[in-house]
Structure formats: C-alpha cells, structure tokens
Amino acid sequence: MRLKVIIPVLLISISAGVLAFSKQGHKEDPPARYEVIMNLVGQMLKEGHYQPKPIDDKFSKEVFNKYLRSLDTEKKFFLKSDVVKLEPLSSHIDDELMGAPVDCFRSINALIKQRVAEAAAIYPEILAKPFDFSVNETVTLDPDKIDFPADEAARKESWRKVLKYRTLEKLTDLQEQREKDKGKDSLKSKTDAELEVEARQKVKQLYDRYFERLKNRQNDNDRFNLYVNAITTTMDPHTDYFPPDEKRAFEEQMAGKFYGIGAQLKEEGDKIKVVSIVTGSPSWKQGQLKANDVIQKVGQGNSEPVDITGYPVEDAVKLIRGKKGTPVTLTVKSVDGTTKAITIVRDEIVTEETFAKSAIINGQHKIGYIYLPEFYADFNDRNGARSADDVAKEVAKLKAEKVDGIILDLRFNGGGSLQDVVQMAGLFIPEGPVVQVRSRGGEAVVLRDRDKNVQYDGPLAIMVNEYSASASEILAAAMQDYKRAVIIGSPQTFGKGTVQRLFSLDDFYPVKDGSSLGALKLTQQKFYRANGGSTQLKGVTSDIVLPDPYYEVSERKDSDALVWDEIPRAAFTPWYNPVNTEVLKKNSEKRMAASPAFKLLNENLSTLKKLEKQDSYSLNIQTYKTEQKTNTAALKKYDAVNDKVKELSIVNIKSDIDKLGNDTTKLARNKDWLKARTKDIYLDEAVNVMNDLIAQSLPKMQRKNQ
C-alpha cells in the first residue's frame, strides 16, 4: 500500500549519507553498483523504517540463513560443508549495509553457480537408468524437515530420491491413461517398462527446462536482487527491493494498466505461445501477430534480441512490456512454419479484470453484488482509474436497479490505495474517522471521511477471506466498528496493518550511464482501527465465520512480522441502524449445521489438512498408488461440494451487457465470471445472511423514512 507523502527528514539524511558514500569511488560501476544499492538500502532502513530492527550481527545472521534458503529452497545444491565455510561471512552483512564491500554476496554467488553446475550434471546421469519401484523407501519433500546434504554422495542420493518420486508420479499417470485407452484399436498398449522409460524422459524434460531457466533467469544481478530482498524482508515482510523491471510492474498493477502490445501469452513446454489478441490493442492494429504464434525472441531498439526459449511467461512479459510509444520487435514462428520479425509500438493496455464489477443476484430479495479485486489507483495519471470512483459508480447503478441490499466481495483483495479506501468508506457512512495512521515516533493521524452525505444507506455485507489484506482490512474494520455492515468469511483476514511507500533509489544517487538502481518499498507507518486496535497480525475477525480452506498464508505465520498493539480510540458515532450480528450469526450457524454442502466441506477440509501434514512419501509403487487413491478420493469429495449448492441466479446489469457489444473475447470472459459465482458455497451463504439482514433492517429503515 502506498501513501503519497513526503518525508523531508528522511530525504535529507539519506542524501547526506549517499554523498559521503560516493567519495568511496564510483569508478567501478557496474561492480560498485551493488555497494551503492546496499548502502542506500541500509540507510533507508535505518532512517526511514517504521520500526527498524538493530542492523547488527544478529540481523546479519538472520539474513544469511534466509538468503541461503531463497537460493536453494529444496536443499539440493549446497552442501553442509558450504554453510560451515560461509558461516564467518554471516556476520558481515550489517557492515555491507554501511558501505563495506559485498563480500558475503559475492562468496555465496560464486559457490551457488558452482553447485548448480554440478547438479546440472547429476540429474541426467540418474535419469539415464531405470528405477526399481518395488523397493520400500521413502522421500521427504518438505525442506524444513531436512538438512543440507552432508557431502556429495548424500547430495546425489537426495537428488535420486526426488527424481524417483517425480518419475513415479509420471509413471502412474501414464498407467492410468493406458487403462483409459484400452480397447481403442488405433492404440497399441505400452508395457510398464516402456512407460517407465517415457516417464523418465518426461521428468528429464521438466528438469532440462528448470535448469535452462536457472541459466536464463538467475544471473548475478538476479541473485543480488534476492540478496537485497533477504535483507529488506528480514526487517519486515512488506519492505521490498524492486529492480527496475519489477518497479514498473508494481506501478502497472496499482494503476490497472500497462504499456505493451495487447497479446495474451502462455507457456507451452519451453515455448511462449500467443493465446489471443486484445481487440483494439497495438497487436490488433498492427495485424501480423496471430493466436498460436510462437514468440522466439524479443528485441529492443538496436540491442541483440533475447532468445526467450525456456522463459516462464512472466519473464517474457517483462521484456515485451515497456514505455509507451517505444517499439518492440518479436521474432515469431507462425502456425504455417514461417519465421518473421514483427515490430509493434507499445501503447496503453487496460486490464479490465483489475477493476470493480457488479451484478444482480435474484432470489428471495434483489441483491446487488460488487466484486473488487484490489484498491487500484493510477498515481501517475490524474484521469486514471480509481477504485473508489468506480465502486461509487457500481453502487449508483445498483441503486438505480432498486436492490434491497449490497454484498461487497473483497476475497483475495490484497489492498492498494489508502486514499481510495477512505473515500470508499465514505460511500456508506456519514462524516467520521475511517482509520488511524501512525508514523515512526509520531502521534496517530486520523484519516476521516469528510463528506456528510451517504451514497448508500441500505443493508451491507462484506465478504473476506484470509487473503483479504491491507486496504481490504481497513474497510472491513471501519464498517465493523461503525456496526454498518456484517463481515462474512474466514475466521480472520490476513493481518497486514502496515503502510509502505515506494522510493526510487535513482532520486538519491543518479547513475552516470542512465541505468536505474531500482526502488525500495519501505514500511513507514502502521494502521489502527477507529476503535484503536491495530489490524496488524490479528487482521479483522469475521462476524459470520465460514469454514476456511486457507491456512498458513497470513501475516501471523511470518516470524519477521511487526507485532499487534493498540492506541486510543478515535471519537465516532456508530451507524443509526446497527447490524445485529449475533442474530445473523446464530441463523447462519443453524443453516450450515443443516447443510449437506457445508457438512461435506468441513469433512473435506479436515482430510486435506491432514494430507498437508504428511512428512514423507513412499517410493514403492504399490504403496504410492494406495496413498494416491485415498488422496484422490478426498480431493474428488472436495470438488463435489459445489454440486450440493443451489445455483444462484446472477445476472449482469443491462447497461454493462451493452458495453460489451459484440466483442467475443469480453463476452466469453464475462460469461466465465458469472458462471464462477453461480455455484459458490461462500457467496450462497452470504446471500442467505443478506436476506436475514434485509429482514432485520427493514423495520428501522421504514421508521426512519416516516
């Protein structure tokens, strides 16, 4: 979440530090670039972070361990002796942040390149020979349950077991397919031995791509970016270092638009294939790029084109996007086999899936539904999209349709613009405090809705889950404190109660060659509810708790998260027609207890959570098949839950359908969007709660209007 605030003290102190640092010699750029970034980040963390940890040897060792985990998540590269060898440098990172050479990074970087190269030779050797799946042995896949291999032999054995497990997965899939294909005259059934060979080939292809990606993606700069982020996220989980391309992607996400070519891409093996062309986009206007074309290379200006074979789609997209009005040249292999270079000039692409959208749910009452995936705001364009304005428009459309209540869906909404959440809260309450924000060492500032008008005063429900974070939590907390709405969803929301601001490092240290140093998203403030409690760590507790399929995703699972605390309550007047959550809760609990769908959901969640705790997996094919049969049955039961949910009648507002026109792509996406909500067990119960809330609210609304 970003705040448009200026902090002169921070800017002055950092600028002074950088001037002092620059005297150490900037001649070695780009090698000295790492030292410049480290020194900038160190000073910004120390001077600007809301609650900085001491940057000392203890902090350094935490960063050191985190960085090793980020480079070798499965503990398949480093040896235990490597960690011991590197240990003396583990207390050096605090010195590097104060201007010392980045010796710790360079030593780890040299070693991981060596170990990855060694592992790249291990897997083909192992996969060249058949596996014996009759042996009773197991593999542990959870890296938290294993240590780094003791020596090279132990590392090879660790790789052998993982590769055997992956081959076992492929082999059993192939055997299942063989059973399904039995009786088809055109197909000759393969033997188990032939399928085992095919399974190993498939696993080898998988790891070929994996190591190719490591080669393409993880250069020295990429590993350095991971190193800096190990530092920033040890300070707190939401302070991040963004290299230049990720800074641009972050700003694009917040704005809900980007500058690109307007082609939807997907990975297909090691290829990047065009799925569709966005109508009206630069690709559509240029006319040469077509669906099913394979993009082989991406060229920028006079630079050598980059071969994107083996790239994940997100990395290919980073290369294709860029500044408005700039050309990008794609080397493309068409369906007819011809290869050609296509130059397309980038332009604005609006990602409509980011924006607020509404519909009407017909049933016992006419209920308005608003889906808000994030609190977006285009800070670089005064006329750009703003989530508060868009939600106000959706509310106006629903009021015109004379809905009896509104459900605002904030599930999976990770937050966004603070300004917009304050403005959005004002749509539903008269003038009053929405959230309190406290800076480092300062008094809390109350952010208020100053508009006495209320756009919508009818029954309101807000849907959340454990992924609802930051701005979502502020809005839910405000509506709960004012007793304005009923909160429906997971036991608690994510628990991100901190504010970040994006600082461009180039503002403090312009690089002579014009290249960028990236940016730091820095935690500078903390949120507190109108009632004084922080949303940090604890999040918002739902009034109506629904069975939660999500776990171990919230803030409280991160040991580096800031703590919960509280400050004095702000003065505010609750809603004139307070929601009686106790009655709604009792009614909902009765319904769920009697619901076959919720009963099955609870049973399935219990089974799935047990499966997640499984420590080891059998490499014996018979034992593995027995385990998989149990797991598959459990998953099928989970998928069957929605079959027991009655279909909701959810339709678009006519004016929204008219806007779609004859654009088949948009019409198809809209159809899928509606379909996903017709059999949604959580939305179904939210509608039931809303029906109760409407019945509860009507008498008081009628008295108010008399």
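**Figure 1. Surface and overall dimensions of the chain.** The accessible surface of the chain is about 33300 Å², and carbon and sulfur atoms hold 51% of that surface. Areas come from the Shrake-Rupley method with a 1.4 Å probe; for residues, only the protein chains shown count as cover. The model is predicted: local features need pLDDT of at least 70, side-chain atom pairs count only at pLDDT 80 or more, and totals for chains, interfaces and linings use all residues. Residues are numbered from 1 along each chain as its sequence is written, and side-chain values use heavy atoms, with hydrogens and water left out. The C-alpha trace spans about 85 × 80 × 55 Å along its principal axes.

Figure 2. The chain has 21 helices and 22 strands. These are DSSP runs numbered from the N terminus: helices are H or I with at least four residues, strands E with at least two. Of the 706 residues, 50% are buried. Buried means under 20% relative accessible area, exposed over 50%, partly exposed in between (1.4 Å probe, protein chains only). Take the contacts between residues at least 6 apart in sequence: 77% join residues at least 24 apart. A contact means heavy atoms within 4.5 Å.

**Figure 3. Packing of helix H13 on helix H14.** H13 covers residues 387-400 and H14 residues 418-425. Their axes lie 8 Å apart, at an angle of about 30°. H13 is therefore roughly parallel to H14, a term for angles under 35 degrees. Axes are lines fitted to C-alpha atoms, for helices over the stretch in contact; angles run from 0 to 180 degrees between N-to-C directions. H13 contributes Ser387, Ala388, Asp389 and Val391 to the contact. H14 contributes Asp420, Gln423 and Met424.

**Figure 4. Lys75, a residue with positive phi.** Most residues other than glycine have a negative phi. Lys75 is not a glycine, yet its phi is positive, about 55°. Lys75 sits in the loop between helix H3 (57-71) and helix H4 (80-86). Lys75 is buried, at 14% relative accessible area.

Figure 5. Ser470 is buried, with a relative accessible area of 1%.

Note on methods: Parallel < 35°, antiparallel > 145°, perpendicular 65-115°, else oblique.
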